Amino acid sequence: MSLSIQWSTQALAVDDSGDITSTESEHILIFDAVVSESHEANATLTDKAVERAANVSDHKRRDPYVLTIEAIVTNTPLDLPPSSGYNSSPVNNNGKNVLQFDSAFDRVLDVAATLDRLYAEPTLVRIVTKRRTYEDMTLISYQDPREPGMASSAKVTLVFREVRRVETSTID
């Protein structure tokens with residue numbers, strides 16, 4: 001399954017002359033394998049009570065989309081490692097046919113750190129799946145169980161929910 005999670009961050013800094021500069025960075029998280037995707041779309045019907053009769057449903061309201069992803073991350077990818085979010089950097093295999101990674105290479109920890117940040121911060125992400133593209137999603141839950149024998153891999157379960165924003169205006 002093809003799936004990517006994309007977002008951008010903006011960093012502000014003050015240069016030597018006292019001016020504020022802004023740098024925007026694009027981030028992407030790609031998994032070694034996606035085991036499953038669960039696309040959830042629900043709606044709420046509003047009911048109004050009527051004397052001596054059954055309730056009347058007069059409106060349907062779309063609830064935010066929810067996407068659950070079960071994916072695998074490893075320290076032993078079959079090709080160049082997929083992007084792991086905040087700490088992504090190209091890996092050089094020195095032109096050899098066999099992939100060799102720096103001893104400090106730990107993609108599982110990089111992805112775990114990325115997931116911690118996505119969970120803790122109010123970051124909106126774009127998720128691209130084969131079925132559809134979701135805008136303005138945020139990570140509301142994730143599981144990263146540790147099991148014996150899985151030191152170089154992790155099977156994570158992520159739950160994203162759509163964030164709906166409103167714009168306000170003042171009318172005279």
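Author: Asp144 and Arg146 form a salt bridge, with their closest N and O atoms 3.3 Å apart. The term covers a side-chain nitrogen of Lys or Arg within 4 Å of a carboxyl oxygen of Asp or Glu. Asp144 has 26% relative accessibility and counts as partly exposed. Arg146, at 46%, also counts as partly exposed. The cut-offs are these: buried is under 20% relative accessible area, exposed is over 50%, and partly exposed lies in between, with a 1.4 Å probe and protein chains only.

A word on the basis. This is a predicted model, in which local features need pLDDT of at least 70 and side-chain atom pairs count only at pLDDT 80 or more, while totals for chains, interfaces and linings use all residues. Residues are numbered from 1 along each chain as its sequence is written, and side-chain values use heavy atoms, with hydrogens and water left out.

The structure holds seven salt bridges. One of them joins the side chains of Arg107 and Asp32, at 2.6 Å from N to O. Arg107 belongs to helix H1 (residues 107-120), and Asp32 to the loop between strand S2 (20-30) and strand S3 (33-40), so this pair ties together parts 75 residues apart in sequence. Helices (H or I, at least four residues) and strands (E, at least two) are DSSP runs, numbered from the N terminus. Arg107 is buried, at a relative accessible area of 1%. Asp32 is partly exposed, at 27%.

Glu135 and Arg126 supply another side-chain salt bridge, 2.8 Å from N to O. Glu135 is partly exposed, with a relative accessible area of 43%. Arg126 is partly exposed too, at 33%.

Glu135 leads on to Glu162, which touches it. Glu162 sits in strand S9 (residues 153-162). Its relative accessible area is 15%, so Glu162 is buried. The side chains of Glu162 and Arg62 are joined by a polar contact of 3.0 Å. That term means a pair of N or O atoms within 3.5 Å; within protein, one must be able to donate a hydrogen and the other to accept it, and residues adjacent in sequence count only if both atoms are side-chain atoms. Leave out residues up to four places away in sequence, and Glu162 touches Arg62, Pro64, Tyr65, Glu135, Asp136 and Met137. Contact here means heavy atoms within 4.5 Å.

Take Met137 next. Met137 lies in strand S8 (residues 133-143). Its relative accessibility is 0%, so Met137 counts as buried. Setting aside neighbours within four places in sequence, Met137 contacts Tyr65, Leu67, Thr123, Leu124, Val125, Ile127, Phe160, Arg161 and Glu162. Leu124 is 13 residues from Met137 in sequence, yet their C-alpha atoms are 5.3 Å apart.

Now the whole chain. From the N terminus, the order is β-β-β-β-β-β-α-β-β-β. The chain has 172 residues, and 27% of them count as buried. Take the contacts with a separation of 6 or more: 62% of them link residues 24 or more positions apart. The accessible surface comes to about 11,700 Å², and 48% of that belongs to carbon and sulfur atoms. Those areas come from the Shrake-Rupley method with a 1.4 Å probe; for residues, only the protein chains shown count as cover.
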